[in-house]
Amino acid sequence: MDTASLTTSLIAALPEVFLACAGIFILMVGVFSGARATHTAMLLSVAALVGALVLVLFGPSRAAFAFNDLFVNDGFGDFMKIVVLGAAALTLIISFGYIRREQLDRFEYPVLLVFAVVGMLMMISANDLISLYVGLELQSLALYVVAAFRRDTLRSSEAGLKYFLLGALSSGMMLYGMSLVYGFTGTTSFTVLADHFAGQAAAGQELWLGALVGLVFVVAGLAFKISAVPFHMWTPDVYEGAPTSVTAFFAAAPKVAAMALVVRVLMGPFGAWVEQWQQIVVFVSIASMLLGALAAIQQTNIKRLMAYSSIGHVGYALVGLAAGTEAGIRGVAIYMAIYVLMTIGTFACILCMRQKERMVEGIDDLKGLSKTHPLMALALAIFMFSMAGIPPMAGFFGKIYVFLPAIEAGLYALAVIGVLTSVVACYYYLRIVKLMYFDEPAEGFDRPVGREVGAVIAGTAVLVLFFFVAPGPLVDGAAAAADAFFAVAG
Amino acid sequence: MAAAGKADARVPTYARAVVLLPAALFVWFSTMIPAVSGGAVLTWEIAWLPQLGIAFGFIVDGLSLLFALLITGIGTFILLYASEYMRGYPQVDRFTLFLVAFMLSMLGLVLSDNLIVLFVFWELTTITSFLLIGYTHEDAAARRSALQGLFVTAAGGLAMLAGFILLGQAAGTYSLREILADPGGLVGHPDYLVILILILCGAFTKSAQFPFHFWLPNAMAAPTPVSAYLHSATMVKAGVFLLARLTPVLGDTEVWMATLTIFGAVTTVYASAIALTRTDLKQVLAYTTVMALGACVMFLGAPTRAEAGEPSIGLIAAVTFVFVHALYKAALFMVAGNIDHEAGTRELPQLGGLRRLMPLSFFAAALAAFSMAGVPPFVGFVGKELLYKGALAWPAEPYVAVAAIVAAKIMMVTAALLVAVVPFFGSAEKLPKRAHEAPWTMWIGPVVLGVVALLGGMLPDLTAEMLLLPAAAAVMGYQPDYEVKLWHGVNIPLLLSVFTVVTGALIFWKRAVLLDALRSAVQRLPLTGDRAYDAVMTWIADLAAWQTRWLQGGVQRRYILVVFVTLGLSVAVTLVARDAVVLPAAFPEASFVEWSVAALIVAATFVTLIADSRLLAICALGVVGAGVALIFLLFGAPDVAMTQLLVETLVVVIVAIVLLKLPDFRGERRPTARGRWRDGLVAGLVGVSTTLVLLAVTAEPPQQAITDYFEETSMPGGFGRNIVNVILVDFRALDTLGEIAVVAVAGVAAYALIMLRPRRRTRPDTAGRPDRKGAAS
């Protein structure tokens with residue numbers, strides 16, 4: 001690689017490069033500054049994430065391919081990066097107060113999250129099995145550590161260990177699958193693979209069995225990362241065990257990045273073989289929606305409930321992917337963006353659930369919230385209605401945008417099951433609304449909730465509630481993302 | 001219930017002032033009557049989701065205007081009534097807000113032009129209904145009913161959404177106006193049946209058709225103004241409205257007619273029979289509401305044109321009956337509320353003698369009951385004549401329709417007598433408290449509605465021309481040429497009418513015997529919707545509990561088990577689906593040494609499984625690895641064998657060191673015999689499917705490009721025969737350098753960590769509990 005192309009490549013990956021350098025810089029600042037290290041590191045991390053966001057949005061124009069085609073820039077990637085960076089920044093902002101109060105304030109925390117985000121950006125832009133894996137592992141390793149960040153509690157350590165073991169297993173499966181794909185095609189580049197498979201499909205040949213088995217293993221590994229059933233087992237335990245601010249992060253940014261990666265892999269190199277992976281995606285989607293809806297009913301811990309809820313939402317997002325069309329990808333992009341908004345808002349509320357200086361996590365602790373904290377109850381009710389997919393909240397439109405393409409693609413069974421599971425899911429979302437509005441108040445939560453948390457709750461609630469007034473920008477952006485993706489993938 | 005209200009509490013001003021909103025809307029809609037009855041269709045529209053072709057549009061035609069007038073007109077009286085009825089209840093502001101929100105959503109529902117917008121309003125009425133039923137939330141029954149109503153109607157609503165989307169796809173537009181402008185295009189569409197079933201799910205759940213009817217009587221836990229408004233006059237009619245709205249595009253087919261007739265007929269007969277078995281005034285009214293909805297649905301199943309091009313009397317009857325029923329049922333509910341409020345009970349056996357105590361309520365109840373029983377000259381009579389006429393004009397087998405409607409109507413007469421006679425005559429001794437007439441705000445509504453029912457019957461042609469025929473025109477898709485009259489002369493419908501009233505009165509007279517028999521018969525019904533609902537709910541909860549207990553019990557071994565089961569199955573399914581299963585030869589050719597190594601591996605695996613100590617298990621596992629290394633060696637890959645052996649040794653050593661730190665098996669739950677079988681089965685599944693994959697994959701010619709490339713270039717390019725070595729130090733030299741660097745950095749870090757440990761031990765204050773401040777301090 002000569003200097004000129006290296007420069008072009010570095011500029012093409014400018015947001016990632018910037019964020020990685022910022023991460024190292026913040027690490028240094030943290031090591032060498034004293035008592036205020038964590039606060040400074042947190043502020044700098046938020047600034048770095050926002051900076052990367054600005055670079056994605058307004059930075060210099062970036063080449064489409066970089067680093068010998070290992071790295072790709074397109075509208076889809078940009079859209080997903082914006083969502084990831086926004087989600088990461090917001091989750092960091094809402095955890096300021098939490099990590100201080102819970103004595104988790106070590107400066108490594110934001111640094112690890114920044115590195116995880118670098119990994120996510122790499123995943124989103126991966127155009128090669130190798131760069132995909134590197135990005136994925138960078139993300140995962142950072143997340144393994146933060147899951148067990150509170151080493152002094154058994155639950156957190158156990159969560160981290162479980163996550164690590166199952167994560168390593170899934171990485172192994174994915175690598176095995178990749179090696180099969182590589183062995184049968186002789187390349188790891190998405191571009192070459194796509195051409196290869198498209199040619200094979202055009203010639204009327206069948207996909208090689210080896211590559212097909214490889215695909216199955218890769219999808220299994222990816223399913224773990226988006227916590228789709230049956231690779232979801234880690235989710236409830238980790239969500240419950242990890243510190244709440246970490247859970248909020250887990251539920252938002254990595255989900256989006258992993259979903260982007262799934263779309264990238266399946267629609268990119270394997271785009272010509274939609275009918276081969278469609279059944280897998282349909283199965284995983286149905287299983288996730290069913291489990292997400294049914295298992296959540298009996299939960300008493302709000303973090304576990306959110307874990308099942310996130311599993312269900314992944315199932316809905318996969319409905320759009322199962323369609324395998326441009327409209328379907330647009331649906332996935334919209335769904336993930338709306339999902340992130342609802343999730344961050346909900347977790348901001350959960351982070352406020354403190355009684356007498358202690359965090360509480362029981363769903364019953366929300367009883368009568370409408371009387372003790374009317375505004376927070378209103379916001380949480382909006383999020384719950386939205387997650388249940390009840391119009392006119394944003395969540396309803398997210399569902400519309402994924403179900404329409406699925407119906408257009410003739411996946412009626414998928415759409416019907418999706419609709420039925422959302423009815424069951426209504427049960428537990430609305431139960432929370434019922435608890436807040438109909439039941440007699442339990443002990444109120446501690447005040448003040450913190451300005452930054454309040455602002456995030458209010459902002460996300462307003463966006464979720466009034467999405468229907470001006471859905472244009474998000475929908476257009478997602479449409480452009482899907483369009484650009486199809487244009488690049490051919 | 002009445003106890004909750006405090007008589008001396010002030011009625012808030014806003015509760016009275018808000019009445020002006022529906023009143024103003026009513027007047028506004030009334031001004032549209034001349035234009036709409038002339039056949040005009042008024043529309044408004046703003047763009048909303050242009051990417052999906054969804055616009056926010058409203059349309060006013062005969063059908064939606066009839067509903068809009070009912071919603072705003074009855075809404076005016078209900079809000080007035082509620083302001084008094086809810087006096088002294090907690091959070092009246094919230095109640096009023098919900099009620100107004102419901103009214104506006106219901107208006108939106110009937111006026112929407114776009115299917116998606118219609119659905120949004122449809123669900124909004126469901127939510128507001130949920131909030132209103134659960135209003136008395138300290139009552140467990142109310143909470144359950146609220147949730148039940150929500151589930152049943154929301155489930156149906158979502159099915160309906162799927163139907164709407166399919167309908168929109170099939171028609172190419174989501175605008176009702178455009179869909180209705182081109183009727184007939186959908187009936188032959190391949191998705192017609194699916195669309196129909198999904199939309200019927202929505203309509204039947206909302207309008208409480210058998211077998212989904214059970215939520216409606218339970219919804220009577222709501223305060224009476226809500227029952228009168230939502231659960232009899234307006235919201236439950238939404239399903240009927242939707243069916244009427246879509247009749248021009250979906251109707252007139254065999255399945256449409258058969259389904260609507262059968263479900264409607266069963267509902268109407270079943271519900272009217274149940275109505276007679278109830279003793280709670282509101283329950284009686286609730287079941288007669290279900291009966292009326294069944295009749296509406298049944299008559300919407302009539303063909304849009306009778307024989308010889310005559311207008312369809314069935315459809316005119318359906319529309320008329322919606323109007324008639326809304327008037328008398330709202331009035332009766334409000335009277336029932338008055339009785340409950342003033343006399344302290346709604347139980348028929350306790351009630352009596354209120355005629356003198358509550359004369360105005362009695363007057364209103366009598367008017368409404370006459371209309372309900374279908375006595376001339378009330379509008380109910382007009383409606384009933386039309387029903388009979390429509391049933392007689394049924395295309396095939398009119399007897400079924402006639403029998404159903406006559407049976408239902410007979411029981412309706414009895415029910416009307418139960419409601420209007422029992423509480424007002426007889427003795428007032430059993431009343432729990434001294435009753436007196438309700439305040440004017442509570443009797444004005446029923447009286448006005450009763451008078452309207454009377455006037456509507458006396459001036460049938462005016463009512464028909466202003467309201468009913470334009471609405472029927474919208475349902476039929478053409479202007480009907482029909483004259484509605486009170487007196488048609490002596491004909492079969494009139495004879496049927498006389499028969500109905502007389503029989504109904506006879507049953508009422510002999511009610512002590514007959515109704516008891518009916519009650520005991522009903523109690524023997526094996527499966528009711530309510531019980532089925534409970535069974536489903538329990539089943540779902542049990543499933544969730546099982547999932548949490550078994551799958552998500554926090555046991556890592558089980559998690560891994562699930563992952564491996566899935567993996568094994570998906571690989572096996574892939575193989576079978578591709579028909580690529582390659583069975584190995586029965587006795588592959590192999591030397592003695594090879595067989596021995598294989599036997600060694602199998603034996604070591606077995607030892608791993610049955611080992612009693614961890615150390616033995618890990619050693620046996622090491623032997624398995626060593627055996628694999630031997631196989632590599634035998635097949636001419638010494639470098640790979642070398643690596644394998646090294647890694648294997650390292651793993652055994654490291655794991656053994658870790659194990660020394662762990663407690664032994666004691667105190668840990670040992671797997672049971674069944675558990676071992678299960679694990680063995682899963683392991684076998686994964687092992688066999690992976691082996692089959694290997695066999696199948698190697699049976700196909702792999703891509704040779706990589707191997708060829710390295711074989712050709714390793715000697716000239718890297719001057720080495722060992723391809724693996726050449727790759728490591730020549731082709732991928734930079735990567736190897738990177739790897740070495742990473743290993744070195746990791747080593748330094750490990751060293752730093754190890755050196756850190758003793759220093760932390762020396763701090764006694766943090767030795768016991770782990771460091772909280774961490775590196776920052």
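Where is the place of B:Trp122 in chain B? B:Trp122 sits in helix α6, residues 115–133. Helices here are DSSP runs of H or I with at least four residues, numbered from the N terminus.

This is a predicted model: local features need pLDDT of at least 70, side-chain atom pairs count only at pLDDT 80 or more, and totals for chains, interfaces and linings use all residues. Residues are numbered from 1 along each chain as its sequence is written, and side-chain values use heavy atoms, without hydrogens and water.

Stay with B:Trp122. Its relative accessible area is 0%, so it counts as buried (under 20% relative accessible area, 1.4 Å probe, protein chains only). Leaving aside residues up to four places away in sequence, B:Trp122 touches B:Leu109, B:Gly157, B:Met160, B:Gly202, B:Ala203, B:Lys206, B:Ala238, B:Gly239 and B:Leu242. Contact means heavy atoms within 4.5 Å. B:Val194 lies 72 residues from B:Trp122 along the chain, and their C-alpha atoms are 20 Å apart.

Now turn to the interface. Here 74 residues of chain A contact 72 residues of chain B. The two chains bury about 6600 Å² between them, and carbon and sulfur atoms give 71% of that area. Buried area is the accessible area (1.4 Å probe) that two parts lose on being put together, summed over both. On the chain A side, A:Leu209, A:Met233 and A:Phe438 lose the most area to chain B, together 12% of what that side buries.

What about charge pairing? The count of salt bridges between chain A and chain B is 0 (a side-chain nitrogen of Lys or Arg within 4 Å of a carboxyl oxygen of Asp or Glu).

Definitions and conventions
Chains lettered and ligands numbered in written order. Helix = DSSP H or I, 4+ residues; strand = E, 2+ residues; numbered from the N terminus. Buried < 20%, exposed > 50% of the residue type's maximum accessible area, 1.4 Å probe, protein only.
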